[in-house]
Amino acid sequence: MLEKTYKNLSRIWAVVFAIGFIALVMKFLTGERLAGYGSYVPWGLWVALYFHFVGIAGGVFAIGTIGYVFNLTGFRENFRVVIVVSVAAVITGLFSIWLDLGQPFRFVRILYAPNFGSMMAFNAWMYSLFIITAGVIFYLTLNKEKQTDFHDKKRWMLPLMALGFLFSIAFPSQSGAFFGVVDAKPFWSSPLLPILFLASAITSGGAVLLLVYTFLHYEEFDLTHQPFRILRLTIIGGIIFYFIAEFAEYSLVFWSPNSDIREAVELILFGPFWWVFWFVHIGGALISLYLLLKGKTYQTVGTGAFIVAVTFVSARLNVLIPGQAVAQLKGLKEAFTHERLRFDYSATLNEYLIALFIGAFGVALVYFGIKFLSQFTKKRLGTSL
Amino acid sequence: MPEETKQKSLFEKEISRKDFLRTAGVVGGGVAVSVAAVTAARLSPPPETPTGKETIRDIPDFKTVEVNEKSDLLLRMQAELKKALAKPVEERKWMMVIDTRKCVGCHACTVACIAENKLPPGVVYRPVVQEEIGEYPNTQLRFFPRPCMQCDNPSCVSVCPVNATWKRPDGVVQIDYDKCIGCRYCISACPYGARTSDFGEYYTEDTPELQPYELLPNNEYGKSWNREGHSSPMGNARKCHFCLHRLNEGELPMCVTTCIGRANYFGDANEPDSLVSEMARQSNQIKLLEEKGTKPSVIYLI
């Protein structure tokens with residue numbers, strides 16, 4: 001039964017990867033011509049995916065570190081999985097934003113000629129340092145007496161984990177700040193944004209971790225045991241917190257007749273993409289809440305986690321697009337008309353297919369990362385990852 | 001023993017004072033380095049732009065026309081431009097004043113700018129925004145040509161992750177196309193929508209032949225830029241630069257020269273007697289989105 005499920009999932013993955021790859025090749029042959037974003041809405045689906053994936057990376061590592069430090073069952077012995085998943089998510093996010101660059105082969109400038117006053121450069125450096133830190137932590141986990149021990153032999157585990165934890169909390173918060181510093185977009189200039197981004201990162205990161213653990217340890221699946229119990233509770237708590245914060249923001253907007261951001265919130269709730277908020281965001285969260293609360297088997301709980309991991313991208317989209325879709329200078333849209341000079345945005349087929357490719361790429365990184373590193377640890381420690 | 005107490009004692013047992021201090025050192029050091037990096041970046045001067053005597057431009061005098069009080073405004077501004085260029089770059093401050101009462105909304109400036117800078121489809125430096133006052137049929141129109149505001153506090157500069165854009169000593173916000181990675185953060189950050197991205201399109205691409213004039217290089221920032229083979233400025237953010245390449249040759253920006261209603265005033269704001277300074281002192285002057293704190297160098301007379 002399980003073998004059949006794996007086979008079916010592999011087939012779906014292969015189809016998605018192949019179709020997405022064709023779209024990717026087309027993108028490289030035509031530049032940005034097939035993308036739907038323009039100059040007035042310059043960031044689209046791939047940017048949303050970037051923030052979603054780095055959020056997942058941060059959430060996975062933050063939860064994993066807390067579980068490790070507080071010695072929750074299943075976390076210390078599986079910490080290398082946490083590292084692999086979070087690094088894979090960062091790389092996937094970076095791949096996504098790389099595709100969005102107008103001059104993608106100049107991306108290294110951000111590393112050797114950065115302007116740290118820009119949130120983008122600051123974040124890029126933080127991701128790089130995080131990957132290095134995670135790599136060193138991975139190495140240190142191989143130098144422990146027992147896998148359930150806290151420290152490595154030289155006791156550098158804690159300082160580096162604390163640094164990694166700081167990065168993992170900073171990713172999502174900084175992502176909020178990335179938008180928050182843009183005064184030109186009133187909808188983004190909200191101090192609540194870093195908090196919302198952090199909450200969605202913890203929620204979606206918890207969901208991805210639960211999904212991976214469910215896949216790896218379905219035989220031991222028991223919701224009363226760790227890490228399943230804490231991960232399930234984290235996701236449920238995260239969803240509830242996110243909705244409370246979101247309700248606070250939106251309800252205040254409608255309270256004030258002169259709110260600068262009313263137009264953006266109206267677009268989210270009642271605009272052409274109303275279904276993203278009501279069906280994907282709210283609907284997805286309600287279904288997953290139900291599955292996570294009521295589910296008893298690894299299939300239902302895993303499905304709930306999967307839905308959270310996927311639909312929470314709408315949290316990013318609902319910040320990203322409406323913030324750009326409201327012009328500060330009225331009449332600009334009509335002043336000079338062109339497809340790239342519009343304040344509405346719809347992702348094109350090419351963008352959707354590449355988005356699928358990005359997702360498939362992330363899954364492949366996790367799968368092959370775990371598989372390859374398991375062989376490595378088996379040789380070195382005699383145990384799998 | 002209850003699980004909670006057991007975990008607490010484990011936690012206490014596993015972290016010694018030395019571990020704690022080492023951790024605090026690493027994390028504190030990381031935070032300190034981050035704060036220092038951001039602070040240094042915020043306080044650092046813009047990229048080196050040549051200044052001093054080397055930047056003085058000696059523009060020849062008019063030989064065939066006399067410039068006096070009755071001369072065309074363009075001639076006066078041209079003469080003032082020559083005077084401004086005789087100073088080092090750091091002593092000039094370019095400014096534009098647009099008289100909306102004289103603007104008829106002909107879009108000649110938009111078209112001239114496109115021709116001068118060889119702008120591809122979807123890239124526009126100076127659209128003319130139309131404002132309708134009143135309700136149809138009792139309406140009046142007002143036009144706001146919108147170049148780059150060359151803000152004194154430009155929100156597009158600080159967000160650039162690679163220092164590819166900066167404020168020059170003469171007030172113009174410049175982009176180095178060779179450095180720009182095309183992330184479009186500056187485009188998002190500009191409240192005026194003054195930056196557009198070059199998506200690599202051509203006006204004649206769906207015709208039997210791509211017309212040669214579209215393949216000619218442009219001369220922005222005094223350099224020859226050829227877009228062939230996805231070269232810059234393709235994939236980059238682009239914007240109005242007050243026709244710096246023309247200014248350096250003693251010519252007014254193309255939009256100013258082309259304006260049929262003489263609605264544009266351009267010159268050195270550091271020269272109190274210049275026409276542009278005179279117009280900027282009018283009591284009916286406004287700046288767009290002044291509440292954003294960007295301190296634009298483009299002023300509108302209403």
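A: A word on terms before we start: domain bounds here come from an automatic or database domain assignment. Also, this is a predicted model.

Q: OK, which domains does the assignment give for chain B?
A: Domain 1 covers 3-43 and domain 2 covers 53-301.

Q: What separates the centres of domain 1 and domain 2 of chain B?
A: A distance of 51 Å, with the centres taken over C-alpha atoms.

Q: Let's stay with chain B. What order do the four strands of the open sheet take?
A: The order is β8-β1-β10-β9, and the pairing is mixed.

Q: Which strands stand at the edges?
A: Those are β8 (264-268) and β9 (285-286) of chain B. Each has a single partner strand, so one side of each lacks a neighbour in the sheet.

Q: How do β9(B) and β10(B) pair, parallel or antiparallel?
A: Antiparallel, over two bridges. Strand β10 of chain B spans residues 298-301.

Q: Which residue is the bridge partner of Ile286(B)?
A: Tyr300(B), in β10(B).

Q: What joins β2(B) to β3(B)?
A: A hairpin, through two residues. Gly134(B) has Thr139(B) of β3(B) as its bridge partner.

Q: Switching to chain A. At what angle do α2(A) and α6(A) pack?
A: About 145 degrees, with their axes 8 Å apart. Helix α2 of chain A covers residues 45-69.

Q: Is the crossing left-handed or right-handed?
A: Left-handed, as α2(A) passes α6(A).

Q: Which residues make the contact?
A: From α2(A), they include Phe51(A), Val54(A), Phe61(A) and Tyr68(A). From α6(A), they include Met161(A), Phe165(A), Ile169(A) and Pro172(A).

Q: How does that contact of α2(A) with α6(A) split by class?
A: Eleven residues are nonpolar, six are polar and none is charged.

Q: Next pair: at what angle do α9(A) and α12(A) pack?
A: About 125 degrees, with axes 9 Å apart. Helix α9 is residues 262-270 and helix α12 is residues 313-324 of chain A.

Q: Which way do they cross, left-handed or right-handed?
A: Right-handed, as α9(A) passes α12(A). Ala264(A), Leu267(A) and Ile268(A) of α9(A) meet Asn318(A), Pro322(A) and Gly323(A) of α12(A). That contact has four nonpolar, two polar and no charged residues.

Q: Last topic, the two chains together. How many residues does the contact take from each?
A: It takes 51 residues from chain A and 57 residues from chain B.

Q: Which helix of chain A gives the most to the side that touches chain B?
A: α6(A), with five residues. Helices α4 (109-112), α5 (119-141), α6 (157-180) and α13 (332-335) of chain A each supply at least two.

Q: And how do the residues on that side of chain A divide?
A: Into 28 nonpolar, 13 polar and ten charged.

Technical notes: Residues are numbered from 1 along each chain as its sequence is written. Chains are lettered from A and ligands numbered from 1 in the order in which they are written. This is a predicted model: local features need pLDDT of at least 70, side-chain atom pairs count only at pLDDT 80 or more; totals for chains, interfaces and linings use all residues. Two residues are in contact if their C-beta atoms, placed from the backbone, lie within 7 Å. Ala, Val, Leu, Ile, Met, Phe, Trp, Tyr, Cys and Pro count as nonpolar, Asp, Glu, Lys and Arg as charged, and the others, Gly among them, as polar. Two strands pair if DSSP finds at least two bridges between them. Axes are lines fitted to C-alpha atoms, for helices over the stretch in contact, and angles run from 0 to 180 degrees between N-to-C directions. A crossing is left-handed if the near helix is turned anticlockwise from the far one by less than a right angle, and right-handed if clockwise.
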